[in-house]
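The exercises below are meant for a reader who is meeting this structure for the first time.

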Amino acid sequence: MSFTTISVVGLGYIGLPTAAAFASRQKQVVGVDINQHAVDTINRGEIHIVEPDLDKVVKTAVEGGFLKASTTPVEADAYLIAVPTPFKGDHEPDMAYVEAAAKAIAPVLKRGALVILESTSPVGATEQVAAWLAESRPDLTFPQQAGEQADINVAYCPERVLPGQVMVELIKNDRVIGGMTPVCSARASELYNIFLEGECVVTNSRTAEMCKLTENSFRDVNIAFANELSLICADQGINVWELIRLANRHPRVNILQPGPGVGGHCIAVDPWFIVAQNPDQARLIRTAREVNDGKPHWVMNQVKATVADCLAQSGKRASELKIACFGLAFKPNIDDLRESPAMEIAQRVAQWHAGETLVVEPNIHSLPKALAGHCQLVTIDEALATADVLVLLVDHSPFRAIDGEAVRQQYIVDTKGVWR
Ligand SMILES: NC(=O)C1=CN([C@@H]2O[C@H](COP(=O)(O)OP(=O)(O)OC[C@H]3O[C@@H](n4cnc5c(N)ncnc54)[C@H](O)[C@@H]3O)[C@@H](O)[C@H]2O)C=CC1
Ligand SMILES: CC(=O)N[C@@H]1[C@@H](OP(=O)(O)OP(=O)(O)OC[C@H]2O[C@@H](n3ccc(=O)[nH]c3=O)[C@H](O)[C@@H]2O)O[C@H](C(=O)O)[C@@H](O)[C@@H]1O
């Protein structure tokens, strides 16, 4: 059976681009989301999230009649679940959104349908989704009971796109296909090949789940290595960025860059799913998380020490001193402030500092609630002209373009090695 109708459940940073990609290949796509604002915005041909080129693809798909959004699940040949999977409590995976999505589509499932879980999930989640579906639909058979003969096929196919490059990577990246049976994998590959230019690489669902967690843990561990080096180098009076540049001239060394910590809602979250399931074995992965999560605290201590130097040298009172934080986003050249270490540090500076705290963030128009009333959003020039202490938290391109001379007069904490 070929795929005529496709339903994407969860229309956020992953679900909406995916729905739009299928719709751009003239498939009938219904996106389902519990957020009425998202549904209304998409049905107007507009988007509620920021991602380059997504607006054009959604507009064309909606105007062409290929994409619509709804708050209610509909019958379809294939479902893709792309709802949030945060952690809860002591870093345990919170599968409540996935459970709700699975239970919402169960009543409209028809014989022959394919269900794909895309949300980043702990090992065994796909089998759990199949169990939730089977519980709701005793009239249908599922891979765990009927194997390749099942009425419904179920697979785990993780998403690996990089925010900011989603519309390119969604099409070009290779995709891991983890079917519960070989038939499930074959059906899932057929579905993605509707728009995929990369390769579908087939495995089982548990390996595919672990593969996604492994990719992000690999990056987290490598960033933790760079962050740990930055602490050691600060203590030894060594420039960590020069050190890494030199070490990376070795043909088999490729160290990542230190920073104020690791942000976003993926790399700072997903490794915990491995730790939660294998606490005794995942010692390196846990330590990497702790190293990266500890970095904002260390940066804050650097700020305090630099302010103390500035006070001693300038003779000013703390209340007369202006500190400017450069950047709030979780990484360069985006406007996403979610789980951002820069936000955390700016908040801490504003709470601690007796004088004025300025914030420079060229990618936003107003300060988020947590900072409004405590800080002032200013331009680069205003900050450079008036602040005594500069704290560089994100290496946005306009900050990189600032001439070294322009920051020579101030006291500096540079978490990205841009100015010094
Ligand atoms: N954003 C990213 O760069 C990447 C995210 N992922 C994973 O993809 C999954 C989704 O992430 P995002 O798209 O970033 O999240 P998001 O928060 O941007 O979007 C999720 C959407 O799901 C909706 N939703 C929640 N419960 C629902 C339900 N029961 N039924 C229908 N809709 C529901 C929300 O209203 C929201 O619009 C997560 O597991 C994430 O870890 C994977 C790779 C990259
Ligand atoms: C293995 C990998 O590269 N995963 C990607 C990652 O996207 P994300 O935007 O979160 O990753 P990122 O660019 O590494 O940024 C994460 C955080 O790490 C920091 N960071 C990054 C690289 C570096 O050398 N040093 C550093 O401190 C960033 O500033 C940011 O705070 O996580 C995404 C996800 O799973 O959502 C995934 O799809 C993406 O492909």
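**Exercise 1.** In what order do the eight strands of the open sheet with mixed pairing stand?

*Solution.* Before starting, note that this is a predicted model, in which local features need pLDDT of at least 70 and side-chain atom pairs count only at pLDDT 80 or more, while totals for chains, interfaces and linings use all residues. Residues are numbered from 1 along each chain as its sequence is written, and chains are lettered from A and ligands numbered from 1 in the order in which they are written.

Strands (E, at least two residues) and helices (H or I, at least four) are DSSP runs numbered from the N terminus, and two strands pair if DSSP finds at least two bridges between them. On that basis the order is S3-S2-S1-S4-S7-S8-S9-S10. The next step is to look at the edges, where strand S3 (67-70) and strand S10 (200-204) each have a single partner strand, so one side of each is left without a neighbour in the sheet. Neighbouring strands are turned by 25° against each other on average, direction ignored, where axes are lines fitted to C-alpha atoms (for helices over the stretch in contact) and angles run from 0 to 180 degrees between N-to-C directions.

Inside the sheet, strand S7 (residues 114-117) and strand S8 (residues 153-156) run parallel and are joined by four bridges, with leucine 117 having tyrosine 156 of S8 as its bridge partner. Helix H2 (residues 36-43) lies across strand S2 (28-32) and S3, and runs at about 155° to S3.

**Exercise 2.** Describe the largest nonpolar core and the surroundings of isoleucine 116.

*Solution.* A nonpolar core is a set of buried Ala, Val, Leu, Ile, Met, Phe, Trp, Tyr and Cys residues joined through C-beta atoms within 7 Å. A residue is buried if 20 or more other C-beta atoms lie within 10 Å of its own, exposed if 12 or fewer, and partly exposed in between, with C-beta atoms placed from the backbone. The largest core has 64 residues, and Val9, Tyr79, Ile81 and Ile116 have the most contacts inside it. Helix H1 (residues 15-23) gives the most to this core, namely six residues.

Two residues are in contact if their C-beta atoms lie within 7 Å. Leaving aside neighbours within four places in sequence, isoleucine 116 is in contact with Ala78, Tyr79, Leu80, Ile81, Ala155, Cys157 and Ala188. Apart from this core lies another, of 37 residues, including Val303, Ala342, Met343 and Leu393.

**Exercise 3.** Which residues come nearest to ligand 1?

*Solution.* Counting residues whose C-beta atom lies within 6 Å of the molecule, there are 26 around ligand 1, and Gly10, Gly12, Tyr13, Ile14 and Ser119 come nearest. Helix H4 (residues 96-105) gives the most to this shell, with four residues.

Tyrosine 13 is found in the loop between strand S1 (5-9) and H1, and it counts as buried because it has 21 C-beta neighbours inside 10 Å. Leaving aside its neighbours within four places in sequence, tyrosine 13 is in contact with Ile49, Glu51 and Pro163.
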